[in-house]
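Please look over the sequence and the model below before reading on.

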Amino acid sequence: WQRDQGQCTFKDKDTGRRCESRHLLEIDHILPWSLGGTHDLANLRLLCRTHNQLAAEKRFGARVSRHWQD
């Protein structure tokens, strides 16, 4: 939380701007736990719900990530 300053760490590839959200933050595994990622701090980041969902859809597909919402 302190390292990421209580803010989503997502950065837009085109603009380089960081998401300013400080709401609905979730701890995200950069390399997902299900794919062998660890709980080590270097593999964790804060993402807002929207960007965490986007990361899941990119990694696993929209169908799987929607299932996680149910």
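## An exposed tryptophan and its surroundings

Trp 33 is exposed, because its relative accessible area is 52%, where exposed means over 50% relative accessible area, buried means under 20% and partly exposed lies in between (1.4 Å probe, protein chains only). Trp 33 is placed in the loop between β1 and β2; helices (H or I, at least four residues) and strands (E, at least two) are DSSP runs, numbered from the N terminus. When residues up to four places away in sequence are not counted, Trp 33 touches Thr 38 and His 39, a contact being heavy atoms within 4.5 Å. The C-alpha atom of Trp 33 is separated by 9.5 Å from that of Asn 43, which is 10 residues away along the chain.

This is a predicted model, in which local features need pLDDT of at least 70 and side-chain atom pairs count only at pLDDT 80 or more, whereas totals for chains, interfaces and linings use all residues. Residues are numbered from 1 along each chain as its sequence is written, and side-chain values use heavy atoms, with hydrogens and water left out.

## Fold

The protein has two helices and two strands, and along the sequence these follow the pattern β-β-α-α. Strands β1 and β2 run antiparallel and are joined by five bridges, two strands being paired if DSSP finds at least two bridges between them. One of the residues involved is Asp 28, whose bridge partner in β2 is Arg 45. Of the 70 residues in the protein, 29% are buried. Among contacts between residues at least 6 apart in sequence, 37% join residues at least 24 apart.

## The nonpolar core

In soluble globular proteins, nonpolar side chains tend to be buried together. Here the largest nonpolar core holds six residues, namely Cys 8, Cys 19, Leu 25, Leu 46, Leu 47 and Cys 48; such a core is a set of buried Ala, Val, Leu, Ile, Met, Phe, Trp, Tyr and Cys residues joined through side-chain atoms within 4.5 Å. Strand β2 gives the most to this core, with three residues, and β2 is itself mostly covered, as four of its five residues are buried.

Which residues does Leu 25 contact, leaving aside its neighbours within four places in sequence? They are Trp 1, Gly 6, Gln 7, Cys 8, Leu 46, Leu 47 and Cys 48. Leu 25 lies in strand β1, and it counts as buried because its relative accessibility is 19%. For Cys 19, with neighbours within four places in sequence again left aside, the contacts are Gln 7, Cys 8, Phe 10, Cys 48 and His 51.

## The largest pocket

The largest pocket has a volume of about 550 Å³. On a 1 Å grid over the protein atoms alone, a pocket is an open set of points with protein on both sides within 12 Å along at least five of seven lines, and lining residues have an atom within 4 Å of a point. Grid points are joined across faces, edges and corners, and the volume is the space filled by probe spheres set on the points.

The lining of the largest pocket has 25 residues, and Asp 28, Arg 45, Asn 52, Ala 55 and Ala 56 are those nearest the centre. At least two lining residues come from each of β1 (25–29), β2 (44–48), α1 (49–60) and α2 (62–69), with the largest share, 10 residues, supplied by α1. By class, the lining comprises 11 nonpolar, six polar and eight charged residues, where Ala, Val, Leu, Ile, Met, Phe, Trp, Tyr, Cys and Pro count as nonpolar, Asp, Glu, Lys and Arg as charged, and the others, Gly among them, as polar.

Most residues other than glycine have a negative phi.

| Residue | Phi | Relative accessibility |
|---|---|---|
| Gln 5 | about 60° | 52%, exposed |
| Leu 24 | near 50° | 68%, exposed |

Gln 5 lies in the segment before β1, and Leu 24 is also found in the segment before β1.

Arg 59 is in helix α1 and counts as partly exposed, because its relative accessibility is 43%. Not counting residues up to four places away in sequence, Arg 59 touches Ile 30, Leu 31, Pro 32 and Leu 35.

Notes
1 Å grid on protein atoms, 1.4 Å probe; cavity = no way out; pocket = protein on both sides within 12 Å on 5 of 7 lines; lining within 4 Å.
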